[in-house]
Structure formats: structure tokens, C-alpha cells
Amino acid sequence: MVNLEEKALSIHQRLKGKVEVHNKMDISSSDQLSLVYTPGVAEPCLKIKENRQAVYDYTWKGNTVAVISNGTAVLGLGDIGPEAGLPVMEGKAMLFKAFSGINAIPLVISTNDPAEVIRFCQMVAPTFGGINLEDIKAPECVYIEKELKNTLDIPVFHDDQHGTAIVVLAGLINAYRLLCKDLKKAKIVVSGTGAAGSSIIRMLYAYGVRNIYAINKDGIVVPSQSSSYDSVVEELCNYIRSPQEEKDLGDLLDNADVFVGVSAANILSKEDIKRMNKDSVIFALANPDPEITYIDAIEAGARIVGTGRSDSPNQVNNVLAFPGIFKGALAVRAKKINEEMKIAAAHGIASLIEDKDLTEENIIPNALDERVSEIVAKVVAQKAIETNVARVY
């Protein structure tokens with residue numbers, strides 16, 4: 001029996017790349033050639049020269065994004081370089097097209113210098129309606145995205161940060177709808193303060209949660225020691241609580257309601273979960289192996305459990321977020337993707353699980369649910385208009 005790894009290698013080798021470019025019309029006559037190239041192509045060029053925003057009307061810019069990576073933090077593989085990261089970027093481009101109809105061009109670049117990544121994105125930005133940053137290590141990824149958002153007038157979105165955070169928030173909204181409790185009053189412990197963890201904490205805070213604690217590989221994050229951390233964790237100290245006498249993760253989970261892990265495999269024990277409050281919610285999202293398995297978490301008494309795996313219920317999958325977010329942003333030619341748009345996306349995802357279908361094993365829509373991209377695009381576009389970052393209405 002051929003295993004998954006062998007099948008994946010075979011299909012990649014056979015296809016020689018998973019995406020390609022198709023022409024939208026034939027070029028089978030001199031008349032057609034003169035329309036799409038010289039001399040006819042001069043006309044749209046002149047229109048765009050008169051008004052640069054006309055590029056959206058005469059080119060692919062309005063429905064095309066760049067998927068840009070330097071391969072420094074690929075999936076669970078780490079810093080494997082741009083060439084080795086290219087299959088992932090091609091896969092991302094496939095998901096854009098399959099789930100939202102958006103053209104996505106994978107671009108891997110050979111640099112570890114954040115300034116060079118920023119400059120590259122700025123240089124190619126005229127071609128694209130948006131930029132999806134992918135698999136760039138923390139803390140550089142946060143700095144890169146922030147700088148690009150400040151200097152470009154197109155949406156810039158680092159999916160490893162915000163895609164995960166949006167789906168986590170959607171899952172927690174539904175978990176607390178099922179529990180008939182107020183998420184904003186929950187004590188939440190986040191393990192991992194890198195790309196995903198930092199965005200999860202910021203988004204939970206933006207949603208209204210005020211009882212958040214953080215821990216990473218160096219221990220519990222203490223806001224009073226903010227100056228000793230890197231820039232990402234230092235900023236997070238504005239959103240988290242100071243621990244009392246807690247010394248480790250188990251201590252931090254005393255009387256906690258929610259655990260969100262975006263850190264490392266097998267760091268959460270059954271005993272840790274037993275220290276949490278009744279009806280605890282566990283999102284163990286480390287890939288490919290979670291902080292605790294779904295079965296172990298349930299056996300330890302957790303009420304609701306989610307992982308990043310497709311072989312367990314409640315999969316937290318970024319594909320629920322990024323296709324619809326870009327589709328909505330591009331539809332109104334948004335200048336950026338702001339926090340309000342991200343929270344709207346989370347509500348949109350959550351809304352697809354009706355009350356009658358809401359169970360402990362069904363709080364997040366299936367990653368292949370065709371309705372997701374449409375509802376996310378709709379609410380994101382509407383929120384872009386409401387927050388005055390849209391160019392068209």
C-alpha cells in the first residue's frame with residue numbers, strides 16, 4: 001500500500017508544479033494579436049498612465065495576489081530555504097484559486113534580511129491587488145507585515161499570523177455559544193508567542209477578552225519584564241495579565257477556561273487539563289503533532305477540543321479564512337485588511353454552524369465547505385466599507 005508521503009512525492013513529480021497560467025482568449029489571428037499586444041495594448045497603457053487606479057480595470061491586478069515567502073518558517077519544517085518552500089507556496093496558490101477564484105502567484109525569494117523582503121514586496125506591489133506573506137519566521141514576519149501595511153496601499157496579510165487567529169476566534173465564539181457562556185469573561189492561556197500566538201492574543205484582546213495569559217519556550221511571559229523580550233513579545237505585554245505565583249504551564253492553567261496552543265508537541269498533560277475549570281476548551285494546534293492529542297484531552301475531561309489535524313473533529317484550518325478575506329478585500333479594492341475586517345471574518349465563519357447543528361464535535365465549518373469563502377468575502381467587504389478602507393462600493 002502506497003503511503004501519503006509516497007503519493008505526495010509522486011504527484012508533485014508528475015505534475016512538475018501544481019499551478020500554471022492560462023490565457024483568457026485565443027491568439028489565432030493577426031487581428032487578435034494586434035488587440036492583446038502591439039499596437040492595441042498601447043490604449044490601456046495610456047489610460048492607466050492618466051489614472052493609475054485604472055490598472056484595476058484593464059489588468060489582472062484586481063483579482064491577483066502574490067504569495068511571498070523566504071522559506072524561513074515552513075509548516076512544521078522550519079528554515080528550509082526558498083526552493084524547498086516553493087511546493088507550499090504553489091499549494092497556497094491552488095487554494096486561492098479553488099476556494100475564491102483568485103489568481104495567486106508563488107514568489108520565493110532568497111534573503112533572510114527583513115529590509116530586503118520589504119523592498120521586494122514594495123517593488124512588485126504594482127502588479128498585485130494584495131500580498132499574502134507566508135512562512136516567514138518570527139519576529140521578523142511581524143515587523144515586515146507592519147512596515148508593508150504602512151507603506152503600501154494594497155492589502156498585506158501574513159496568513160500564519162492572522163489566518164490562524166481568525167479561525168481560532170471563530171471556533172471560540174461557537175464553543176462559548178454552545179456553552180451559553182461569555183467568551184469575554186474567560187481565562188485564556190496561550191502557549192506560543194510567535195507569529196500565530198501573538199496574533200491570537202491581539203485578536204482576542206480586540207474582541208474584548210481581558211483575562212489572557214501567555215507562555216513560550218522561555219517560560220511564562222511577565223509584563224513587568226517587557227523590556228527584556230523581543231519586540232513582538234514586548235508588545236504582547238500590553239494585552240496579557242501578570243502571573244501571580246505561577247511557575248509553569250500547569251500552574252497557569254489553574255482555574256483556566258481555555259487553552260490555545262501554537263507551540264510544540266506533547267507539552268500539555270492530562271493532569272494539566274484536570275486543573276482547569278469545568279467545560280474547558282482545548283485548542284491544541286501544533287503541527288504536525290499537537291500539544292496533546294484529541295483523545296487524551298477528551299479523556300482528561302475537556303468539553304471541547306480542536307486541533308490542526310484533519311483526522312480529528314474541529315480542525316482549525318487557515319483555508320477557512322484567507323481565500324474569503326482576500327476575495328472580500330479585492331472586491332472593494334481595499335487599501336488594507338484591518339482588525340475589524342478580521343473579526344468580521346471570524347463571525348462570518350462561526351455563523352455557518354447553526355444552533356441546531358452546534359455540538360462539541362462541530363464548532364468549526366469543514367475546510368471544504370463551499371459556503372465559507374462567500375460569507376467571509378461578504379462580511380469582510382462590508383466591514384471594509386464601514387471602516388473607510390474601501391475604494392469602491
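A: Start with a charge over a ring. This is a predicted model. In it, K92 lies over the face of F322, at 3.9 Å from the ring centre.

Q: What makes R210 another residue that lies over the face of a ring?
A: R210 lies over the face of Y205, 3.7 Å from the ring centre. The distance cut-off is within 6 Å, and the charge must also be within 35 degrees of the ring normal.

Q: Where is K92, and which residues is K92 in contact with beyond its neighbours within four places in sequence?
A: K92 is found in helix α5 (residues 82-100). Its contacts, with those neighbours left aside, are V67, N132, E134, D159 and F322. Contact here requires heavy atoms within 4.5 Å.

Q: Which positions does UniProt give for the feature "active site"?
A: The UniProt record, an unreviewed entry, places "active site" at Y37 and K92. The two are spread over 56 residues of sequence and also spread in space, up to 30.6 Å between C-alpha atoms. Such annotations may be inferred rather than shown by experiment.

Q: What joins β3 to β4?
A: 3 bridges join β3 to strand β4 (residues 156-158), and the strands run parallel. V156 in β4 is the bridge partner of I131. β3, helix α7 (residues 140-151) and β4 make a right-handed β-α-β unit.

Q: Which way do the residues of β3 point?
A: From strand β3 (residues 130-133), G130 and N132 point one way, and I131 and L133 the other way. All are buried.

Q: Why is helix α14 called largely enclosed by the rest of the structure?
A: In helix α14 (residues 322-331), 8 of the 10 residues are buried, so the helix is largely enclosed. Among them are F322, I325, F326 and L330. Just after α14, R333 takes a positive phi of about 50°.

Q: How many aromatic pairs does the structure hold?
A: The structure holds 4 aromatic pairs. One of them is F96 and F326: 5.5 Å centre to centre, 75° between the planes. Over 60 degrees counts as edge-to-face, and the F96 and F326 pair is edge-to-face. F96 is in helix α5 and F326 in helix α14, 230 residues apart.

Q: What makes the pair of F157 and F326 edge-to-face or stacked?
A: The planes of F157 and F326 are at 85° and the ring centres 5.9 Å apart, so the pair is edge-to-face. F157 lies in strand β4 and F326 in helix α14, so the pair ties together parts that are 169 residues apart in sequence. F157 is buried, with a relative accessible area of 0%.

Q: Which residues form one aromatic cluster?
A: F96, F157, F322 and F326 form one aromatic cluster. F322 brings the story back to K92, which lies over the face of F322.

Terms used. Residues numbered from 1 in each chain as written. Predicted model: local features only at pLDDT ≥ 70, side-chain atom pairs only at ≥ 80, totals over all residues. Heavy atoms only, no water. Helix = DSSP H or I, 4+ residues; strand = E, 2+ residues; numbered from the N terminus. Buried < 20%, exposed > 50% of the residue type's maximum accessible area, 1.4 Å probe, protein only. Pairing = 2+ DSSP bridges. Right-handed = clockwise from strand over helix to strand, strands pointing away. Phe/Tyr/Trp six-rings, centres within 6.5 Å; stacked < 30°, edge-to-face > 60°.
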